[in-house]
Amino acid sequence: MSRSASRRLLIVACTAIYVFLMLPLVVVFPISFSSALYMQFPPPGFSLQWYERYLDDPQWIDATVRSLYIGAATAVLALALGVPLAFALARGRFAGRLIVDRIALAPLVVPTIILSVGLYGLFAKLKLIGEWYGLVAAHTVLALPFVVLVTVAGLRDFDRALEQAAEGLGASRRQTLLRVTLPLLRPSLVSAGLLAFISSFDELVVALFLAGPNMTLPKKMFDNIMMEIDPTIAAVSVMQILLVSIVLVLIGRFGRGLRGSVR
Amino acid sequence: MRRGLLPALPALVLLFCFFLFPVVRMLGFSLEGGTLDWYAKALGEGLYVEVFWNTFEIAVFVTAICLLLGYPLGFLIATTTPAWATLGFIFVMLPLWTSVLVRTYAWMVLLGRNGVFNRWLIDIGLISDPLPLLNNFAGVLIGMVHVLLPYMVLPIYGAVRRLDPALVTAAQGLGASNWRIFWRVYLPLTLPGIFAGATIVFVLSLGFFITPALLGGGKVMMLAVLIEQQIHQTLNWPFAAALSAVLLALTLGVYSLAQLFTRQEARP
């Protein structure tokens, strides 16, 4: 096979794989605009009824609002705790650094179902089931590894000569941190915060155990899928996909390039 | 030496209170009454042994399929022009960050008895009865591969990028065919990326919940689904804890083994 022929074969294969990856994201768009009263494909006509139904249902709106503020609080807390942790891991010299590193990344490896069941038992005892801040604490545990990975990667590429220059010119450590280090690190911090937000906004397994009667958006979607699949969920899916697209655009524009965080 | 540990403390306190402590506390329930009876039940009764076996089987299949699909994709993105690579990346990241629920719902729409695929196949006359694509092994595999494929693509992309293109040029100059370059240059040198991707996909598969719960339709039982049932339906905490302990041991075991192997691999 000639070089260009095998390259073409590779491109054809990858196009098929991309179709597989994108098909589920694309298919919800026509369904969400369907005029049929039940799931029908292709849709017989155009209507906005499922979007109206979503907007008119206080349960859906409640769940959306709750997920938005839990996601925002998770992003803030994960940054506030994760960035100093990343500094300690990237620059600290202390015994047990490897252990701290393992613990920080462990929530990525330990199955979420195990964390959920553990927290469910503890929260039931502490009467924290259904409290939004309980979910924020749990979601922060899950978001920390993302923040640490992205920030450590940012610190690894960091030119420390700039900090030394600032200190040489008489800046205090605080000034150096606030005026030099953090501004230079901003792209990584933007990416880390947005990823933490999305990871919480999409999270289902922990919410299934800890949300109690107070629905988050993923839990409401889960219940909806289990009970009756009406195209309202397609409308919600479309909005969710658009939100993720916006976040990815923001990361691309203001954050550290996604490719940069691949180790 | 203790330089720089202080900034890590708040995060470590959170991880202790909301991660380590609750998990260890819950796992302790499995030893209730000071016996190992619950472990004997989990590892001895045929019904549950089958769940372990199912979980393992699905994880192996998912990992193999992800590797088969992920390598070409990671390879193409790593070797194409920057503009195409950016586009290629977007279409891997978009599904990765789209809610697993949205994607699982979409697969139900696509694969169901009256779903898009079956309608289409019947319309073009290829089949007369709808294929069973949902609530079975195939449905769970399709859904899980879709969720986990990006985790395979990213490390493979990284490995291909790190490879020195001069090696490929040299092989071409010496007259090696494409296949030979792939088998003798690309494959051995990107092995660490393949290994990293396969490990993370396999480990994540073992503890998977949402996709088997929804696309398995109660017919494909995986460990995480069984644990959830023990808590929400049977309220059998000690047994759920024993199952969790075994799942955790499996996960950490596979992960540590892989780490050990990778570190040896990295040594010159």
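How are H8(A) and H11(A) oriented to each other, roughly parallel or roughly antiparallel? The legends below take up this question and other views of the predicted model.

**Figure 1. Helix H8 and H11(A) pack against each other within chain A.** Helix H8 of chain A spans residues 173-201, and its axis lies 9 Å from that of H11(A), at an angle of about 170°. Angles over 145 degrees count as roughly antiparallel. H8(A) and H11(A) are therefore roughly antiparallel to each other. The crossing in which H8(A) passes H11(A) is left-handed. On the side of H8(A), the residues that meet H11(A) are A:Pro187, A:Val190, A:Ser191, A:Leu194 and A:Ile198. Their partners in H11(A) are A:Val244, A:Val247, A:Leu250, A:Ile251 and A:Phe254. Sorted by class, this contact has 9 nonpolar residues, 1 polar residue and no charged residues.

**Figure 2. Helix H3 and helix H10 of chain B pack against each other.** H3(B) covers residues 46-79 and H10(B) covers residues 191-206. Their axes are 9 Å apart and form an angle of about 145°. The two helices cross in a right-handed manner. H3(B) contributes B:Thr55, B:Ile58, B:Ala59, B:Val62, B:Thr63, B:Cys66, B:Leu67 and B:Gly70 to the contact. H10(B) contributes B:Ile194, B:Gly197, B:Ala198, B:Val201, B:Phe202, B:Ser205 and B:Leu206. By class, 10 residues of this contact are nonpolar, 5 are polar and none is charged.

**Figure 3. B:Val201 and the largest nonpolar core.** This core holds 155 residues, and those that touch the most other members are A:Val147, A:Ala196, A:Leu210, B:Leu148 and B:Val201. H6(A) supplies the largest share of the core, with 15 residues. Leaving aside residues up to four places away in sequence, B:Val201 touches B:Val62, B:Thr63, B:Cys66, B:Leu148, B:Tyr151 and B:Met152. Among these neighbours, B:Val62, B:Thr63 and B:Cys66 also belong to the H3(B) side of the contact with H10(B).

**Figure 4. The contact between chain A and chain B.** Chain A brings 72 residues to this contact and chain B brings 66 residues. Elements of chain A that give two or more residues to the side touching chain B include helix H3 (58-91), strand E1 (93-94), helix H4 (97-109) and helix H6 (132-156). H1(A) gives the most to this side, with 16 residues. By class, the side of chain A that touches chain B has 56 nonpolar, 10 polar and 6 charged residues.

**Figure 5. Chain A as the setting for the close-up of H8(A) and H11(A).** Chain A contains 11 helices and 1 strand, and its elements follow the pattern α-α-α-β-α-α-α-α-α-α-α-α along the sequence. Its C-alpha atoms fill a box of roughly 70 × 65 × 30 Å along the principal axes. Of its 263 residues, 43% count as buried. Among contacts between residues at least 6 apart in the sequence of chain A, 76% join residues at least 24 apart.

**Figure 6. Chain B as the setting for the close-up of H3(B) and H10(B).** Chain B contains 13 helices and 1 strand, and its pattern along the sequence is β-α-α-α-α-α-α-α-α-α-α-α-α-α. The box filled by its C-alpha atoms is roughly 70 × 70 × 35 Å along the principal axes. In chain B, 42% of the 268 residues count as buried. Among contacts in chain B between residues at least 6 apart in sequence, 75% join residues at least 24 apart.

Definitions and conventions:
Residues numbered from 1 in each chain as written. Chains lettered and ligands numbered in written order. Predicted model: local features only at pLDDT ≥ 70, side-chain atom pairs only at ≥ 80, totals over all residues. Contact = placed C-beta atoms within 7 Å. Helix = DSSP H or I, 4+ residues; strand = E, 2+ residues; numbered from the N terminus. Nonpolar A, V, L, I, M, F, W, Y, C, P; charged D, E, K, R; others polar. Core = buried A, V, L, I, M, F, W, Y, C linked by C-beta atoms within 7 Å. Buried ≥ 20, exposed ≤ 12 C-beta atoms within 10 Å, placed from the backbone. Axes fitted to C-alpha atoms, helices over the stretch in contact; angles between N-to-C directions. Parallel < 35°, antiparallel > 145°, perpendicular 65-115°, else oblique. Left-handed = near helix turned anticlockwise from the far one by under 90°.
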